[in-house]
Amino acid sequence: MSSAVIIGAGPGIGQAVARRFAREGLPIVLIARSARTLRAAAKAVAPSDVPVVTLEADSTDQAGLNAALDEAVREYGVPDVVVYNAAIIQADAPGELSVRGHMEAWAVNVVGALNAAAHVAPAMAARGHGTILITGGMPEPKPQYVSLSLGKAGVRTLVTLLDQEYGPAGVHVASVTVDGPVAPGTDFDPDDIAEHYWHLHTQPRHQWTREALHAGSSR
């Protein structure tokens with residue numbers, strides 16, 4: 001059975017993407033750090049009446065995240081799509097954040113995505129198809145958001161590396177770059193943004209792109 005795995009299933013993009021894929025009838029696996037977040041996400045998906053599994057894991061805990069991904073595979077087989085939506089979004093100017101703070105932000109924004117992809121992509125490649133999508137942002141770096149700018153630049157490079165490694169075997173790796181603050185009812189409504197994830201997942205192989213940019217509402 002195919003499934004969609006959402007890592008970072010909090011309010012906003014995570015829940016919106018889960019709802020979008022659930023509307024297509026895919027079983028949903030929700031991964032987040034807290035039971036409270038998972039309960040809210042499961043409730044948001046419930047109207048689609050698809051199977052939902054909730055798993056607690058921190059994206060920076062390699063063993064914990066890998067265990068959650070392994071549980072997702074035991075439930076539904078190798079996922080059709082894995083979405084990495086975890087991020088630390090904070091304002092920090094040059095020199096304001098400690099080295100440890102930068103390392104913590106990098107671990108969530110980039111290394112967690114690398115670990116998740118490296119854990120599931122080989123099985124997708126062996127099967128011959130699959131999609132890995134990472135939430136990006138900051139198409140232009142901003143000195144008010146140093147750690148986030150560095151992290152989202154890292155996401156772009158990571159997508160390229162993963163595409164080079166797994167794309168030839170049929171794994172579509174891409175990012176959705178969000179160029180603004182996410183909020184319902186605005187030009188950056190999470191439900192509008194979620195459409196990009198579904199579009200990337202369903203792109204024919206000969207039309208694959210590595211990035212979708214959301215610069216405003218599509219409505």
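Which residues are buried in α1? Ile13, Gly14, Gln15, Ala16, Val17, Ala18, Arg20, Phe21 and Ala22 are, where buried means under 20% relative accessible area, exposed over 50% and partly exposed in between (1.4 Å probe, protein chains only).

## Ground rules

This is a predicted model, where local features need pLDDT of at least 70 and side-chain atom pairs count only at pLDDT 80 or more, while totals for chains, interfaces and linings use all residues. Residues are numbered from 1 along each chain as its sequence is written, and side-chain values use heavy atoms, with hydrogens and water left out.

Helices (H or I, at least four residues) and strands (E, at least two) are DSSP runs, numbered from the N terminus.

## The sheet

Let's start with the strands. The open sheet has 7 of them, in the order β3-β2-β1-β4-β5-β6-β7, with parallel pairing; two strands pair if DSSP finds at least two bridges between them. At the edges sit β3 and β7 (211–214), each pairing on one side only. From one strand to the next, the twist averages 15°. Angles here run from 0 to 180 degrees between N-to-C directions, and axes are lines fitted to C-alpha atoms, for helices over the stretch in contact.

Take β1 (residues 4–7) and β4 (residues 81–84): they pair in the parallel sense over 4 bridges. Isoleucine 7 has tyrosine 84 as its bridge partner in β4. Helix α3 (residues 62–76) packs on the sheet and touches β1, β2 (28–32) and β3, with its direction at about 160° to that of β3. Contact means heavy atoms within 4.5 Å. Helix α5 packs on the sheet too, touching β5, β6 (171–178) and β7, and its direction makes about 165° with that of β5.

## α1 against α6

The axes of α1 (residues 13–23) and α6 (residues 190–202) come within 8 Å and cross at roughly 55°. That makes α1 oblique to α6; angles under 35 degrees count as roughly parallel, over 145 as roughly antiparallel, 65 to 115 as roughly perpendicular and the rest as oblique. The crossing is right-handed, meaning that the near helix is turned clockwise from the far one by less than a right angle, with anticlockwise giving left-handed.

On the α1 side, the contact is made by Ile13, Ala16, Val17, Arg19, Arg20, Phe21 and Arg23, and on the α6 side by Pro190, Asp191, Ile193, Ala194, Glu195, Tyr197, Trp198 and His201. These contact residues divide into 9 nonpolar, 1 polar and 5 charged. Ala, Val, Leu, Ile, Met, Phe, Trp, Tyr, Cys and Pro count as nonpolar, Asp, Glu, Lys and Arg as charged, and the others, Gly among them, as polar.

## Positive phi values

After α1 comes glycine 25, with a positive phi near 90°. Aspartate 49 has a positive phi near 55° despite being a residue other than glycine. Its place is in the loop between α2 (35–45) and β3 (52–56), and aspartate 49 is exposed, at 71% relative accessible area.

Methionine 138, also other than glycine, has a positive phi near 50°. Methionine 138 belongs to the loop between β5 (130–137) and α5 (146–166), but this residue is buried, at 14%.

## Histidine 129

Histidine 129 lies in the loop between α4 (99–127) and β5 and is partly exposed, with a relative accessible area of 39%. Leaving aside residues up to four places away in sequence, histidine 129 touches Asp80, Met124, Ala169 and Gly170. Its C-alpha atom is separated by 30 Å from that of aspartate 189, 60 residues apart along the chain.
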